[in-house]
Amino acid sequence: MKALLLRILKQLKNDPRTLALMLVAPFLIMSLIYLLLGDSDYRPVVATYDMPETFTEQLTVSAEVIAIADTTFADTYLNADSADAVIWQDGYDLHIRVLENNSKSTTAIQAVQDALSELLPAGKITIQTIYGSQDDTYFASMAYVFLAVLAFFFTFIVSGMALVRERFTNTLERLLMTPIRRWQVVGGYVCGYGVVAMLQVVLIMLFTVYVLQVPVAGSIGLCLLVMLLLGICAVELGALVSIFANGEFQVAQFIPVIIIPQIFFTGIIPLDMIPYGLGNLCYLMPMYYGAAPLKHIMQQGAGFMDILPWLGGLLLFIVLLFVINTLSLKKYRKL
């Protein structure tokens, strides 16, 4: 098994494209997500009709304000992207019209609400959170999801396609002709790609925390442990898929079936909001057992004992997939 481990590491060292996919691509994607979901200095444009001057002056603090002559032009301004929202008053009623529900209209509505809260005599509403801060960006609040997905996705792809290539070059068959046991084959591949997965999670975690400035309330070491176990799960799942795939393209075809459904159970959608009790399917998803403890560590400062149930779930998946992979190799050699 040691010889197999060293061969895999040497093979990966001589394959820059695979190394780039595992070590460089996650940085690029994480940086892109950061730029898309990070802080924005965008000032919304709000068109007003017959609004009090005091309100208009207050609104200019957080938005660009333009005056329109009639509300009949509201749709024209919105469709032409000349305004993100149109606001007017009809008696005691306040009307806000937007083109659609998107981030720009949300920013414009927030600016209107801020202006109203400054002018109305009623007490201000203060929102407090137990964990995190109101100033956290959406990227920072959802970073645990992106870390789990990236750690799992690229490791799964690389390990799955690499093992398919080993099959079609008859490397696996020749290996199984030696006295090596099936579990040693699986262990060698898991250890080999696990080393690269460990390097991947260390680099992407340090990049996220120290370069992208994502706050971590708990231990970074615990985050690394969770991501490493998740990466090992991905290696074993990729190996299992490769055993039954008839080519590298078929490994990619498994992504919509195996990877994408898991993403919806990582916290993007609160599990208790998923109808028909389908949120309980999360317990069948390895990615859930990685994202959930990452959330508790990064946002709530959870310790080792707090995340132990999820770590147990990851270890159970690792053992189960290891056994299934070992048994599946019977189709190539019966011991």
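Student: Where does Y276 lie?

Tutor: This is a predicted model, and in it Y276 lies in the loop that runs between α13 (255-268) and α14 (286-300). The backbone there has a positive phi of about 60°, although Y276 is not a glycine.

Student: Why is Y276 called exposed?

Tutor: The relative accessible area of Y276 is 78%, and the word exposed is used for values over 50%, so Y276 is classed as exposed.

Student: How many helices and strands does the chain have, and where is the confidence lowest and highest?

Tutor: The chain has 15 helices and four strands. Its pLDDT averages 84, and 89% of the residues score at least 70. Confidence is lowest in helix α9 (residues 171-176), with a mean of 66, and highest in α14, with 94.

Student: What makes α13 and α14 roughly parallel?

Tutor: The two helices pack at an angle of about 30°, with their axes 8 Å apart. Angles under 35 degrees count as roughly parallel, and α13 and α14 are therefore described as roughly parallel to each other. The crossing in which α13 passes α14 is right-handed.

Student: Which residues of α13 and α14 meet?

Tutor: From α13 come I259, Q262, I263, F265 and T266, and they meet P286, M287, Y288 and A291 of α14. Sorted by class, this contact of α13 with α14 has seven nonpolar, two polar and no charged residues.

Student: Why is α3 also called roughly parallel to α10?

Tutor: Helix α3 (residues 25-37) and helix α10 (residues 182-211) pack at an angle of about 25°, and their axes are 10 Å apart. Because the limit for roughly parallel is an angle under 35 degrees, α3 is described as roughly parallel to α10. The crossing of α3 and α10 is right-handed. On the α3 side the contact is made by P26, F27, M30 and S31, and on the α10 side by Q200, L203, I204, F207 and T208. The residues of this contact of α3 with α10 divide into six nonpolar, three polar and no charged.

Student: How do you know whether I33 is buried or exposed?

Tutor: I33, which is found in helix α3, has a relative accessible area of 17%. Buried means under 20%, so I33 is classed as buried. Leaving out residues up to four places away in sequence, I33 touches G38, F139 and F146. The C-alpha atoms of I33 and F139 are separated by 7.3 Å, although these two residues are 106 residues apart along the chain.

Student: Why is I29 called partly exposed?

Tutor: I29 also belongs to helix α3, and its relative accessibility is 33%. Buried requires under 20% and exposed over 50%, with partly exposed in between, so I29 counts as partly exposed. Not counting residues up to four places away in sequence, I29 touches L150 and F154. I29 and L150 are 121 residues apart in sequence, yet 8.4 Å apart in space from C-alpha to C-alpha.

Student: What makes α11 roughly parallel to α15?

Tutor: The axes of helix α11 (residues 220-244) and α15 come within 9 Å and cross at roughly 25°. With the cut-off at angles under 35 degrees, α11 is therefore roughly parallel to α15. The crossing of α11 and α15 is left-handed. Residues of α11 including L225, L229, E236 and F244 meet residues of α15, among them L311, F317, N325 and S328. By class, the contact of α11 with α15 has 19 nonpolar, two polar and one charged residues.

Student: Why does T326 count as buried?

Tutor: T326 has its place in helix α15 (residues 308-328), and its relative accessibility is 13%. That value meets the condition of being under 20%, so T326 counts as buried. Apart from its neighbours within four places in sequence, T326 is in contact with R182, W183 and V186. Of the 335 residues of the chain, 43% count as buried.

Technical notes. Residues numbered from 1 in each chain as written. Predicted model: local features only at pLDDT ≥ 70, side-chain atom pairs only at ≥ 80, totals over all residues. Heavy atoms only, no water. Buried < 20%, exposed > 50% of the residue type's maximum accessible area, 1.4 Å probe, protein only. pLDDT = per-residue confidence, 0-100. Axes fitted to C-alpha atoms, helices over the stretch in contact; angles between N-to-C directions. Parallel < 35°, antiparallel > 145°, perpendicular 65-115°, else oblique. Left-handed = near helix turned anticlockwise from the far one by under 90°. Contact = heavy atoms within 4.5 Å. Nonpolar A, V, L, I, M, F, W, Y, C, P; charged D, E, K, R; others polar.
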